[in-house]
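The structure comes first, then the notes.

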Amino acid sequence: MEQAKFKWVLRERSQEKPARLAEFSEQQARKVQRFHSSFKEYRPTPLTELSQLARDLGIKNLFVKDEAYRFGLNAFKVLGGSFAIGSYIAQQLGEDIDALPYVRLISDDVRSRLGAKTFITTTDGNHGRGVAWTANRLRQQAVVYMPQGSAAERLENIRAEGARAELTEMNYDDTVRYTSELAQQNGWVIVQDTAWEGYTEIPLWIMQGYMTMALEAYEQLQVKPTHIFLQAGVGSLAGAVQGFFASVYGDSCPLTVIVEPEKADCLYRTAAADDGQLHNVAGKLDTIMAGLACGEPNSIAWEILGSCSDGFVSCPDHTAAQGMRILGNPLAGDMKVVAGESGAATVGLVAEALRDERLSDLKQALQLDENSVVLCFNTEGDTDKANYRRIVWDGAYGRE
């Protein structure tokens with residue numbers, strides 16, 4: 001359906017569980033968390049309860065898992081890149097990753113057996129910074145390419161981790177293809193969360209890495225949510241979190257909704273078409289939600305999302321801006337959450353559906369009411385501080 005520039009489609013969950021769901025079990029999530037906890041920087045990120053906001057919106061409660069605190073990097077992405085690189089090294093050495101905590105990964109023994117490796121990736125900022133951070137910690141090299149329009153601050157943050165980083169004149173998906181070609185030409189290891197034919201192992205490891213975030217939230221919640229809202233670019237984060245909660249909750253999994261920018265809504269289009277094919281979005285992918293500006297779905301993620309998710313919503317940019325302002329200006333009694341454009345998209349959608357009378361059909365479709373307990377994930381903080389201030393201070397991208 002479509003109303004006030006929002007588009008949405010609802011789907012029935014498949015009765016047949018996807019085979020890949022087993023790769024996102026609680027047991028696997030705990031294995032991933034053990035790896036991450038071996039880094040001295042590891043701390044569980046906070047789960048923020050926004051009870052006053054929930055009351056104002058007319059729902060029972062609202063929780064936000066705040067990844068702005070992750071490893072001091074202001075975003076969740078390092079979870080995926082680090083676990084993928086660790087898993088790759090473990091595979092090269094013929095060992096289980098449980099036997100390769102951080103202290104072993106940086107040992108002279110591992111260095112002598114593995115040799116020097118260069119890890120290359122495409123990013124809008126957060127993923128590349130995580131890959132660069134991990135390579136730097138493990139005494140390896142990183143090369144990072146960013147699509148056109150990427151923020152200068154994000155580029156400099158990547159370079160500060162010791163990586164070689166450059167901007168391109170291409171969109172995200174074309175930059176991924178360019179990165180893949182460079183990896184093949186130079187014998188480098190590409191660390192990308194977009195899967196394609198012949199390249200699925202590392203994207204799966206990246207997705208599994210995100211489960212540390214989901215497991216923490218699961219353990220921190222004192223009440224089971226009725227709704228989970230997940231933002232999506234290629235769908236790796238959404239697929240990983242959806243896979244984890246579908247595994248632990250089974251048939252009683254909360255209603256899960258996938259949120260995308262209207263300029264890069266490849267998962268919404270795939271769900272709406274419902275023809276067994278993946279549907280891409282081409283062109284500039286011009287959205288303020290830079291972390292979600294991806295036009296080609298991750299096929300692994302879609303296997304899970306297409307079977308387990310209940311709804312897909314395509315949103316205008318003001319949705320994310322509204323979420324940033326709401327989280328950054330809390331009601332009395334609530335904690336402030338500093339959320340970037342991609343991080344605030346889900347809270348923005350929930351707020352718009354509940355506050356804008358033009359979206360009453362969307363509110364009804366999402367089954368949001370006084371009994372709803374909502375879980376969202378703030379996937380990034382103010383990783384582009386200048387734009388954060390334009391939106392939160394100056395009111396850029398206001399409601400229409």
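Helix α6 is mostly covered, with 10 of its 12 residues buried (under 20% relative accessible area with a 1.4 Å probe, protein chains only; exposed is over 50%, partly exposed in between). This is a predicted model, in which local features need pLDDT of at least 70, side-chain atom pairs count only at pLDDT 80 or more, and totals for chains, interfaces and linings use all residues. Residues are numbered from 1 along each chain as its sequence is written, and side-chain values use heavy atoms, leaving out hydrogens and water.

**Helix α6**
- α6 spans residues 126-137 and reaches 17 Å from its first C-alpha to its last, close to the expected 16 Å (1.5 Å times one less than the number of residues).
- Its buried residues include Trp133, Val131 and Arg129.
- The buried residues of α6 pack against α3, β5, β6, α7 and α9 (contact means heavy atoms within 4.5 Å).
- Just after α6, Arg139 has a positive phi of about 60 degrees.

**Helices α14 and α15**
- The axes, lines fitted to C-alpha atoms over the stretch in contact, come within 7 Å and cross at roughly 95 degrees.
- α14 and α15 are therefore roughly perpendicular to each other (65 to 115 degrees).
- Among the contact residues are His318 and Ile326 of α14 and Leu349 and Arg355 of α15.

**Strand β9**
- Both faces of β9 are covered: His227, Phe229 and Gln231 are buried on one side, Ile228 and Leu230 on the other.
- β9 and β10 pair in the parallel sense over 5 bridges (pairing needs at least two DSSP bridges).
- Gln231 stands opposite Val259 in β10.

Methods
Helices (H or I, at least four residues) and strands (E, at least two) are DSSP runs, numbered from the N terminus. Axes are lines fitted to C-alpha atoms, for helices over the stretch in contact, and angles run from 0 to 180 degrees between N-to-C directions. Angles under 35 degrees count as roughly parallel, over 145 as roughly antiparallel, 65 to 115 as roughly perpendicular and the rest as oblique.
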